Amino acid sequence: MTRYAHITGWGTHVPEKVLSNDDLSQIVDTNDEWIQSRTGIRQRHIASDGESTASMGALAALRALDVAGIPPSEVELIIVATSSPEHIFPSTASLIQDHIGATKAGAFDLSAACSGFIFAVNMAAQAIRTGSINTAIVIGSETLSRLVNWQDRGTCILFGDGAGAFVLQASDQPGGVLSAVMRSDGSGGELLTIPAGGSKLPASEETIAQGLHYIQMNGREVFRFATRVMAQATEEVLEQAGLSLAETQWVIPHQANQRIIETAARRLKYPLEQVVINLDRYGNTSTASIPLATVEAVEDGRLKPGDQVVFVGFGAGLTWGAMAVEWTGPLPKAEKPSLWPYRFRNLYLLYTRLRSGALRILRFLEGIIWGRQR
Ligand SMILES: CC(C)(COP(=O)(O)OP(=O)(O)OC[C@H]1O[C@@H](n2cnc3c(N)ncnc32)[C@H](O)[C@@H]1OP(=O)(O)O)[C@@H](O)C(=O)NCCC(=O)NCCS
């Protein structure tokens with residue numbers, strides 16, 4: 001039996017706090033007209049002190065599970081694509097596994113910058129297709145506001161915070177993820193980077209004084225690279241899927257810059273009305289941008305079951321990729337109401353926190369007993 005990986009659930013979470021271009025002009029020497037004309041961005045959402053990559057990702061994941069109509073205990077794999085993980089380790093995915101009570105899931109982070117969501121969906125789809133697992137959650141979550149230099153007007157205007165998630169499930173019905181392209185070119189690594197904080201340049205007074213823990217970018221070069229690879233990757237992934245561009249209903253690109261998207265659409269001779277764009281309200285949310293745009297298109301009725309859609313993205317690394325998908329919607333068995341609706345999420349999250357606390361106490365007690373037995 002051929003196995004297919006379908007996207008059967010989706011969810012997002014964005015922080016309430018909004019930072020407009022006018023707000024930004026109070027922080028750095030910029031203005032609304034410049035930002036809108038160069039990027040298309042009008043505002044972005046910024047995480048509050050209590051919010052983080054894991055907390056936003058967990059809420060997006062719970063929402064996605066609710067749409068799919070399956071409980072967290074059925075999830076076997078969690079991949080979090082992120083450029084702003086909670087820590088170097090443990091993985092943000094492990095923390096989300098605990099937050100949502102996905103007791104059977106293996107969890108890991110995937111680092112491919114803004115291309116990460118496409119790469120992660122592809123990895124989850126492959127695991128499903130081979131029969132290794134039946135159900136996965138892929139999350140793109142970012143708190144980039146904590147990594148931008150709020151004195152650098154070349155970068156701080158671009159980025160925003162938020163999270164999006166897809167549930168992927170196995171089915172013998174054709175459809176779902178049809179093909180994927182993943183590419184990297186590390187020779188362009190320095191064009192978009194956070195130089196310090198890893199093993200090459202661990203945190204020191206010097207690295208902090210030089211601002212090396214913030215995002216640094218060569219905007220023009222990234223722009224040039226992005227416009228080239230978006231069209232290329234889209235054509236390649238469609239050829240792999242045996243589809244023509246005319247057969248697709250939607251292209252959902254990484255939301256970095258309106259001008260990059262328009263240039264790519266022009267190169268492809270693809271109507272801009274069929275390109276989903278919402279970066280005006282969110283800015284560049286890196287790995288969260290494709291799910292944020294996708295969920296918006298599903299919820300406002302544009303993206304429907306049976307539609308052929310291309311996701312395409314690019315980012316630091318350099319990395320870029322595309323994916324052709326036949327959009328599915330929840331599998332039929334999910335039509336019965338889910339056991340723990342999303343509206344009870346606070347109660348549910350309290351339960352998972354208690355469960356996590358109980359596990360910590362148990363580990364502590366086991367440690368004492370083990371210590372006595374030694
Ligand atoms: C960052 C970006 C918007 C800059 O636009 P640009 O047209 O390339 O602008 P430049 O960097 O050439 O700067 C042009 C001028 O505007 C100024 N400028 C830069 N940022 C500014 C801002 N926020 N407000 C006002 N002026 C600004 C520059 O100082 C420069 O002034 P100068 O000519 O006096 O030196 C654009 O390069 C871009 O979007 N690149 C892609 C970035 C991206 O998508 N990164 C994420 C990838 S996942």
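Predicted model: local features only at pLDDT ≥ 70, side-chain atom pairs only at ≥ 80, totals over all residues.

User: How is the protein chain divided?

Analyst: There's domain 1, covering 4–335, and domain 2, covering 342–373. Their C-alpha centres sit 32 Å apart.

User: And how many residues does the contact take from each domain?

Analyst: Eight residues come from domain 1 and six residues from domain 2. On the domain 1 side, the elements giving two or more residues are α3 (53–68) and α4 (92–100).

User: Which element gives the largest share of that side?

Analyst: That's α3, with four residues. As for the kinds of residue on the domain 1 side that touches domain 2, you get three nonpolar, two polar and three charged.

User: OK, switching to strands. In what order do the five strands of the open sheet come?

Analyst: The order is β1-β7-β6-β4-β5, and the pairing is mixed.

User: Which ones are the edge strands?

Analyst: β1 (4–13) and β5 (106–110), as each of them pairs on one side only. From one strand to the next, the twist averages 20°.

User: Do tell me about β6 and β7. How many bridges join them?

Analyst: Nine bridges, with β6 (residues 135–143) and β7 (residues 161–171) running antiparallel. If you want a spot to look at, find Glu 142, which stands opposite Gly 162 in β7.

User: Which helix lies across β1, β6 and β7?

Analyst: That's α10, residues 289–299. Its direction is at about 95° to β1.

User: New topic: α8. Which residues are buried there?

Analyst: Helix α8 spans residues 258–268, and its buried residues are Ile 260, Ile 261, Ala 264 and Ala 265. Those four are on the same side of α8, because they cover an arc of only 130° around the axis.

User: Why would residues three or four places apart point the same way?

Analyst: An α-helix has 3.6 residues a turn, so residues with that spacing end up pointing the same way.

User: Got it. What do the buried residues of α8 pack against?

Analyst: They pack against α7 (219–241) and β11 (250–253).

User: Last one: what follows α8?

Analyst: Lys 269 does, and its phi is positive, near 55°.

Terms used
Residues numbered from 1 in each chain as written. Buried ≥ 20, exposed ≤ 12 C-beta atoms within 10 Å, placed from the backbone. Arc of directions from axis to C-beta. Contact = placed C-beta atoms within 7 Å. Pairing = 2+ DSSP bridges. Axes fitted to C-alpha atoms, helices over the stretch in contact; angles between N-to-C directions. Domains from an automatic or database assignment. Nonpolar A, V, L, I, M, F, W, Y, C, P; charged D, E, K, R; others polar.
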